[in-house]
Amino acid sequence: MTKNVERLENRMIELTKSLEEHRKNPGSGFDEVKSVEMLIKFEIYLNDAEIGITDGIYLYMNEDGAIVNAEYFVKEDGEVTIISFSDEQLEIIIELFADVFTVNVE
């Protein structure tokens, strides 16, 4: 854990330097950032009458608004279980939710 905290601190230093450079020279890119790939995560909660248990679907969309992955989750007593959908299940999820969200990226 300590190693990850240090890694976060180092990343924040890099990102702060990039932001400062971008403020000085708005035409500059963010050279310290290796790549910028957008992935949007949505949490869809499913209706359930069971007290203390919450379940739903994590949807992951790319910058074009296409669903690229999804996972089923169950939260119970502070514990979270995540299960990946099979390819066939993912196709159903995409069919159900593909037109629900719109992504506009500038």
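Q: Which elements does the chain have, and in what order do they run from the N terminus?
A: Helices (H or I, at least four residues) and strands (E, at least two) are DSSP runs, numbered from the N terminus. Here there are two helices and four strands, running α-β-β-β-β-α. Residues are numbered from 1 along each chain as its sequence is written. In this predicted model, local features need pLDDT of at least 70, side-chain atom pairs count only at pLDDT 80 or more, and totals for chains, interfaces and linings use all residues, while side-chain values use heavy atoms, with hydrogens and water left out.

Q: What share of the chain is buried?
A: Buried means under 20% relative accessible area, exposed over 50%, and partly exposed in between (1.4 Å probe, protein chains only). Of the 106 residues in this chain, 19% are buried.

Q: Is Leu-15 buried or partly exposed?
A: Leu-15, found in helix α1 (residues 2–24), has a relative accessible area of 41%, so Leu-15 is partly exposed.

Q: Where does Asp-48 lie?
A: Look at the loop between β1 (39–45) and β2 (53–62), which holds Asp-48. Asp-48 has a relative accessible area of 41%, so Asp-48 counts as partly exposed.
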